Amino acid sequence: MPERATRKRSEKSAEVVVATQSREGPNEEESETTVNLEGKVPQMSRQLELPLEDRGEAPKVERSEEAPTAIRGDERLGTSGLMELACERQNLQAALKRVRKNKGSPGIDGMTVDELPDYLRAHWSELREHLLSGAYRPSMVKQQLIPKGNGEMRKLGIPTVLDRFIQQALLQVLQPILDPKFSEYSYGFRPRRRAHDAVVQAQRYVQDGRRIVVDVDLEQFFDRVNHDVLMGKVAKQIGDRRVLRLIRRYLEAGILAEGMATERHEGTPQGGPLSPLLANVLLDEVDKELEKRGHAFVRYADDCAPRRRRKERSNEILTAA
């Protein structure tokens, strides 16, 4: 981690990232900040520094269970200045608010969510420089096992709170670009979509006479993601090499389990803000293939339930998946 910053200017630049947090009322859990950078073109040189004064533009507030959006999906801005957008003041404030709201346990460095604002005040200037130059390297994730409903254990990879903050900032600029291209029948970890919506769609299929259900569960999907295949799909839509490089580093960050460090060459650990979005990027190919073959289905993360009127076509669905 960077050395503690001593320059007064650096401390002021970082302070605006966390200053609004102390003014939040008791209803913080009831709302979500939506960041709108629509139409902004990333500025270079000194203008990359976070603004020190409020320009009088109050951030919009809306309730949502998903990531706040930073740009519209149909405006890619060339996708070459996404790291600058991720480091925008409004985007960072929304990311910090989301991380603090989600809470969660510390990563390998022991830093808690409550300690993150003070850390950012001291180190943001140097962190920003590392992010914009492409030099930032994430920490390893801490392995944590939680019980699954079938008696097995699910492996989680808990990033440090700093890496959760950076991932959240990236998510808020990547999701509006990637998400609009996903299938309308995919419901997991997407803005303004939830599990209840998937159930409602499944009920519509039943009412339409589709009573044969093929339950498709991709076993250990998150543990077996091929990094090269995933990055190839992301690179088709994202042109900022610094962002691509950082995503690759998050995928390849090692795992610390019971004091033992292990390298990772495949899989995307469940536990970081970027993981669900990256999973949807890869699984969208399955959705498109099912749509191409005319199958009715709903998918929530790695669980998919295509529905047919006749049992004879059930094997065809498994072949497509």
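Student: What share of the contacts in the chain with a separation of 6 or more is accounted for by residues 24 or more positions apart?

Tutor: In this predicted model, such residues account for 78% of those contacts. The chain comprises 10 helices and 11 strands.

Student: Which residues make the contact between α3 and α5?

Tutor: On α3 they are Asn91, Leu92, Ala94, Ala95, Leu96, Arg98 and Val99. On α5 they are Val161, Arg164, Phe165, Gln168, Ala169, Gln172 and Val173. By class, this contact has 9 nonpolar, 3 polar and 2 charged residues.

Student: What makes Leu244 a buried residue?

Tutor: Buried means under 20% relative accessible area. Leu244 has a relative accessible area of 15%, so Leu244 is buried. In the chain, buried residues make up 49% of the 321 residues.

Student: Where is Leu244 placed, and which residues does Leu244 touch, not counting those up to four places away in sequence?

Tutor: Leu244 lies in helix α8 (residues 241–252). With that exclusion, Leu244 touches Met231, Val234, Ala235 and Ile238. The C-alpha atoms of Leu244 and Gly232 are separated by 9.8 Å, the two residues being 12 residues apart along the chain.

Definitions and conventions: Residues numbered from 1 in each chain as written. Predicted model: local features only at pLDDT ≥ 70, side-chain atom pairs only at ≥ 80, totals over all residues. Heavy atoms only, no water. Contact = heavy atoms within 4.5 Å. Helix = DSSP H or I, 4+ residues; strand = E, 2+ residues; numbered from the N terminus. Nonpolar A, V, L, I, M, F, W, Y, C, P; charged D, E, K, R; others polar. Buried < 20%, exposed > 50% of the residue type's maximum accessible area, 1.4 Å probe, protein only.
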